[in-house]
Amino acid sequence: MDNPNLFVVTGGPGCGKTTVLLELEKLGYSYAPEVARQIIQEQVRSGGRALPWDDRELYTKLMLEQSIESYKRHASSSQVTFADRGIPDTLGYARLIGLEDLSAIQSACSDYRYARRVFFAPAWKEIYATDQERKQDFAEAQRTCDQILEVYQECGYEVVELPRTAPEARAEFILEQISELISEMPCPA
């Protein structure tokens with residue numbers, strides 16, 4: 001399943017992905033929120049163990065399932081849509097924590113394809129901050145960033161690094177980068 005209208009914005013934790021997506025939303029574009037953060041919030045609320053600091057394998061399983069569901073929900077859109085992370089992010093996380101059986105995740109990465117150009121927010125120490133869901137230190141955030149970049153490249157995506165600049169400028173950069181890819185696609189009014 002290919003979706004040339006669904007563009008991924010990815011990178012390590014705390015690199016400004018969601019902030020730039022909120023800027024794109026202000027410009028009329030829709031986006032699929034990050035499932036990993038939603039899982040953490042739901043698990044904390046319900047007293048669940050599928051958390052990156054508890055049952056990492058179950059957390060990864062839920063991340064894959066919900067990433068596929070999110071993809072399917074947005075796959076039918078004929079308009080440009082953005083995704084706060086994609087299915088390959090799950091593969092990157094699974095590698096980081098050393099999961100042995102990656103076959104289901106690798107299959108999902110092959111079966112559910114996003115637009116070929118992926119936007120990558122690099123690790124950025126000056127804006128990095130922890131919160132209730134983001135507990136990694138900056139060194140772990142950097143390792144995550146490196147792993148995610150590697151996975152998207154291995155999956156055959158064209159990875160474009162976002163500049164370390166204001167969210168508004170990052171949103172404009174993304175729109176400039178996809179302008180030739182979306183010339184035939186309907187855009188928000």
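Start with the second largest pocket: 14 residues line it, and those nearest its centre are Lys 61, Leu 99, Asp 101, Ala 104 and Ile 105. This is a predicted model, where local features need pLDDT of at least 70, side-chain atom pairs count only at pLDDT 80 or more, and totals for chains, interfaces and linings use all residues. Residues are numbered from 1 along each chain as its sequence is written, and side-chain values use heavy atoms, with hydrogens and water left out.

A pocket here is an open set of points on a 1 Å grid over the protein atoms alone, with a 1.4 Å probe fitting and protein on both sides within 12 Å along at least five of seven lines; lining residues have an atom within 4 Å of a point. H3 (56-75) supplies the largest share of this lining, 7 residues. By type, the lining divides into 7 nonpolar, 2 polar and 5 charged residues; nonpolar means Ala, Val, Leu, Ile, Met, Phe, Trp, Tyr, Cys and Pro, charged means Asp, Glu, Lys and Arg, and the others, Gly among them, are polar.

Now strand E3, residues 81-84. Strands are DSSP runs of at least two residues, numbered from the N terminus. Which residues point one way from E3, and which the other? Thr 81 and Ala 83 point one way, Phe 82 and Asp 84 the other, and all are buried, meaning under 20% relative accessible area with a 1.4 Å probe, protein chains only. E3 pairs in the parallel sense with E1 over 4 bridges; pairing takes at least two DSSP bridges. Ala 83 is the bridge partner of Val 8 and also of Ala 32.

Key: Buried means under 20% relative accessible area, exposed over 50%, partly exposed in between (1.4 Å probe, protein chains only).
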